[in-house]
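The entries follow in the order I made them.

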Amino acid sequence: MSRVIATSAALPQQEPARVNLLGMPLAAMEQYFLDIGEKKFRARQLLKWIHHHGVTDFDAMTNLGKGLRERLRTEAEVRAPEIVSQHDSSDGTRKWAIRVDGGGLVETVLIPDGNRATLCVSSQVGCSLDCSFCSTGKQGFQRDLSAAEIIGQVWLAIKSYDAFQSGKGRVVTNVVMMGMGEPLLNYDNVVAAMDLMMEDNAYGISKRRVTLSTSGVVPALDELAKVSEVSLAISLHAPNDALRNELVPINRKYPIARLLESARNYIDAQKDSKRVVTVEYTLIAGVNDQREHALELVELLRDFPCKINLIPFNTFSQSDYQRPSGNAVSRFWQVLVDAGYIVTVRTTRGDDIDAACGQLVGQVVDRTRRSERYREAAQNKENNL
């Protein structure tokens, strides 16, 4: 009697994932080299190759020994995300759509202004918050970006201008964590990326020129005060809790008083006594742009160390909000100036390529079904017209 023995073909061995060194800050890089039996100074050498010279090929890193280069080629990589498209505005603003792991797209914007150029960097694919005046939130949320995908936006922006050690001058002078996503909900990766932005062996950007903007994730902001000296901006947009609950839903969990207390504690923790918080206030016609709102804001921020940045609302298809008139913006500005505040009005840049504040959308594999609900609501509205 014969017996049939079932056999299965051996499964192919899957190669272990290589560690991406692009998003690794100095301390982590030093530990990495110690763990593989190398000296710590190799970390500084590698950071300079990656972030000063834009080199991703280990074989081109000539001051590393041949054996080390071979090991790095086997175990590690320097892999930036991929630019899918680039759009240049008539005002010099440049926007990139960048594909990250998992197929999502994020958007990054470089805004030149005289001798400075500010890069607006994304921290998440989509956004888990749903601020009513921001198009990113309407796309829903997919995932956090890795540190490599965050700092990779800086790396790609410089590479886009062929400016690594090219003598063209500094392409990115300022970075604002104000792109897609809430940075403090991706705390570890954002902190690691910001460390690289300020690291002399990487980009060497001043702590005053790296700004994190938060809608008010208070516990993470309290933690940030212990480890970082970047500049702070808070997305306020309303002078009272009732209105802010509608515009910025996280306010229901962390109301204005708690946010301002946490922001003050952050400033107080800095060594530089002249630091202030930037208060961002998007002006929306008929919603939060009236004289009474300005007067209420004056009282709310009295004795709070801040400057105020007014942002006229930038329209997008999924919102019924309207941009305020120039007169309305001027009246609001005047009330604040008369009260003694330093107030700027953000100039709209890149709106012809949908790169203005609040307009970034990317491509999100939405895990929240929020984008589906907004599409259904828009379709129902159109059908009822």
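I call a residue buried when its relative accessible area is under 20%, exposed when over 50%, and partly exposed in between. The model I am reading is a predicted one.

Entry, aromatic pairs. I found four aromatic pairs in the structure. One of them joins Trp-155 and Phe-164, with 5.5 Å centre to centre and 45° between the planes, so I logged the pair as tilted. I then looked up burial for both partners. Phe-164 has 15% relative accessibility and therefore counts as buried. Trp-155 is buried too, with a relative accessible area of 5%.

I also noted the pair of Tyr-281 and Phe-332, which is tilted, at 5.1 Å between centres and 35° between planes. This pair links distant parts of the chain: Tyr-281 belongs to strand β12 (residues 277-283) and Phe-332 to helix α11 (residues 326-338), 51 residues apart. I have both Tyr-281 and Phe-332 down as buried.

Entry, charge over a ring. I located Arg-94 over the face of Tyr-161, 4.1 Å from the ring centre.

Entry, cysteines. How many disulfides does the rule give? I counted zero disulfides. I checked Cys-127 and found that the closest cysteine sulfur, in Cys-131, is 6.5 Å from its own, too far for a bond. The cut-off I applied is within 2.5 Å between the sulfur atoms. Starting from Cys-131, the closest cysteine sulfur is that of Cys-127, again at 6.5 Å. I recorded Cys-127 as buried at 9% relative accessible area, and Cys-131 as buried at 10%.

Terms used. Residues are numbered from 1 along each chain as its sequence is written. This is a predicted model: local features need pLDDT of at least 70, side-chain atom pairs count only at pLDDT 80 or more; totals for chains, interfaces and linings use all residues. Side-chain values use heavy atoms; hydrogens and water are left out. Buried means under 20% relative accessible area, exposed over 50%, partly exposed in between (1.4 Å probe, protein chains only). Rings of Phe, Tyr and Trp (its six-membered ring) pair if their centres lie within 6.5 Å; planes under 30 degrees apart count as stacked, over 60 as edge-to-face and the rest as tilted. Helices (H or I, at least four residues) and strands (E, at least two) are DSSP runs, numbered from the N terminus. A charge sits over a ring if NZ of Lys or CZ of Arg is within 6 Å of the ring centre and within 35 degrees of the ring normal.
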